[in-house]
Amino acid sequence: MTVVEFGVAGGNGLLALAEHARYYSTATGVAVRVVGFDGGLGMPPAKDPRDLPYLFGAGLYTMDGDRLRARLGAAELVVGDLTETLPHYLRSRADLLREHPVGFVSLDLDYYSSTVTALDLFRGPEHEHLLPRVTCYLDDLPGTVDQIG
Ligand SMILES: C[S@@+](CC[C@H](N)C(=O)[O-])C[C@H]1O[C@@H](n2cnc3c(N)ncnc32)[C@H](O)[C@@H]1O
């Protein structure tokens with residue numbers, strides 16, 4: 001199976017996923033691929049008022065790509081804006097995803113607009129890249145500023 005993190009930043013979440021993947025692969029014999037998607041340059045400019053630009057600004061959460069890649073092991077890091085990398089990844093890795101369908105997704109992109117793009121993973125007529133049930137973790141659920149703060 002494949003597990004995905006949308007929004008990697010410094011990589012703590014992706015490294016934790018990779019560690020769990022190694023553990024459960026060994027324990028169960030199920031191969032678990034790990035892939036993270038991130039722009040690599042910190043938050044992009046907001047595109048929508050629902051991105052809450054007064055909370056999350058462009059450039060927040062920078063990534064040290066070289067340092068993170070050195071620690072990733074078999075996990076894959078896809079760098080670039082999701083609007084381009086996700087459709088390209090789904091096309092170019094279609095065979096691999098059919099063999100290892102997505103079974104878990106962590107959504108930690110902070111912006112509404114980026115999260116809507118990430119949910120394209122579930123849109124479209126083809127579902128061969130997904131397991132029948134996909135467990136999702138969502139960070140930063142909508143709420144009032146007081147709840148978020
Ligand atoms: C809160 S951080 C992720 C934190 C990370 N999950 C962790 O465990 O430390 C949000 C990340 O989402 C990324 N991001 C937001 N919108 C994006 C987009 N449209 N394309 C690619 N990455 C995006 C930013 O680059 C940022 O690094």
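These legends walk through several close-up views of a predicted model of one protein chain.

**View 1. The whole chain, end to end.** Start here to get your bearings: the protein chain has six helices and five strands. Follow the sequence along and the elements come in the order β-α-β-α-β-α-α-β-α-β-α. The C-alpha trace spans about 45 × 40 × 30 Å along its principal axes. For 149 residues, a compact globule would have a radius of gyration near 15 Å, and the protein chain, at 15 Å, agrees with that. Contacts tell you how the chain comes back on itself: of those with a separation of 6 or more, 74% link residues 24 or more positions apart.

View 2. Of the 149 residues in the protein chain, 40% count as buried.

**View 3. Strand S2, tucked away.** S2 covers residues 33–38, and six of its six residues are buried, so the strand is largely enclosed by the rest of the structure. Which way do the residues of S2 point? Arg33, Val35 and Phe37 go one way, while Val34, Gly36 and Asp38 go the other, and all are buried.

**View 4. S1 with a partner on show.** Strand S1, residues 2–6, pairs with S2 in the parallel sense, over five bridges. One of the spots to look for is Thr2, whose bridge partner in S2 is Arg33. S1 is also joined to S4 by five bridges, and these two strands run parallel as well. Here you can pick out Val4, which has Val105 of S4 as its bridge partner.

**View 5. Strand S4 and its other pairing.** S4 is mostly covered, with five of its six residues buried. Besides its link to S1, S4 is joined by five bridges to strand S5 (residues 130–138), again running parallel. To find this pairing, look for Leu107, which stands opposite Leu138 in S5.

**View 6. Zooming in on Ser106.** Ser106 belongs to strand S4, which takes in residues 102–107. Is Ser106 buried or exposed? Its relative accessible area is 7%, so Ser106 is buried; the cut-off for that is under 20%. Which residues does Ser106 touch, once neighbours within four places in sequence are left aside? The answer is Val4, Glu5, Phe6 and Tyr137.

**View 7. Val116 on helix H5.** Look for Val116 in helix H5, residues 112–118. With a relative accessibility of 31%, Val116 counts as partly exposed, a label that applies between the 20% and 50% cut-offs. How far is Val116 from Thr83 in space, C-alpha to C-alpha? The gap is 9.9 Å, for two residues that are 33 apart in sequence.

**View 8. Gly65 on helix H2.** Our last stop is Gly65, found in helix H2, which runs over residues 65–71. Gly65 has a relative accessibility of 15%, so it counts as buried. Now look across to Glu128, which is 63 residues from Gly65 along the chain. The C-alpha atoms of Gly65 and Glu128 are separated by 31 Å.

Conventions: Residues numbered from 1 in each chain as written. Predicted model: local features only at pLDDT ≥ 70, side-chain atom pairs only at ≥ 80, totals over all residues. Heavy atoms only, no water. Helix = DSSP H or I, 4+ residues; strand = E, 2+ residues; numbered from the N terminus. Rg over C-alpha atoms; globule rule 2.2 N^0.38 Å. Buried < 20%, exposed > 50% of the residue type's maximum accessible area, 1.4 Å probe, protein only. Contact = heavy atoms within 4.5 Å. Pairing = 2+ DSSP bridges.
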